[in-house]
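Today I am opening my notebook to look up a few residues. Come along and check each entry with me.

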Amino acid sequence: MHIADGNALFNMLQQYSGSIGIAAMSVIIAIAGSPYQGQSKQVVMGSQAAFIVLFIFTLLIFACVLRLIKRDKQGLVKN
């Protein structure tokens, strides 16, 4: 019974995080592309800005993972 409730909660959180991520990326694309003329140029420039934002997030997550691995090797992370 508890496993099914946990799965439902996990699925709900995945759907919400996916919809929030899509909304955030569409806002970035719209804002970054707005000063350019032509719809195709707006989409291209906005998509490049969204890619840069996601790449920065990826680097931050990678740095956090490396830090946790380093702390785990030092014995500072508790299980």
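**Entry 1.** I began with Leu 66, which counts as partly exposed at 43% relative accessibility. For my own reference, buried means under 20% relative accessible area, exposed over 50%, and partly exposed in between, with a 1.4 Å probe and protein chains only. I note that this is a predicted model, where local features need pLDDT of at least 70, side-chain atom pairs count only at pLDDT 80 or more, and totals for chains, interfaces and linings use all residues. Residues are numbered from 1 along each chain as its sequence is written, and side-chain values use heavy atoms, leaving out hydrogens and water.

**Entry 2.** I found Leu 66 in helix α2; helices are DSSP runs (H or I, at least four residues), numbered from the N terminus. Between the C-alpha atoms of Leu 66 and Gly 6 I read 29 Å, with 60 residues separating the two along the chain.

**Entry 3.** Leu 59 also has its place in helix α2. Its relative accessible area is 45%, so I wrote down partly exposed. From Leu 59 to Gln 14 the C-alpha distance is 22 Å, and they are 45 residues apart in sequence.

**Entry 4.** How many aromatic pairs does a search of the whole structure find? I got one. Phe 51 and Phe 55 form this pair, which is stacked, at 6.3 Å centre to centre and 15° between the planes. The rule I used: rings of Phe, Tyr and Trp (its six-membered ring) pair if their centres lie within 6.5 Å, and planes under 30 degrees apart count as stacked, over 60 as edge-to-face and the rest as tilted.

**Entry 5.** Both Phe 51 and Phe 55 lie in helix α2 (residues 39-74), four residues apart, about one turn of the helix. Phe 51 is exposed at 56% relative accessible area, whereas Phe 55, at 45%, is partly exposed.

Definitions and conventions
Helix = DSSP H or I, 4+ residues; strand = E, 2+ residues; numbered from the N terminus.
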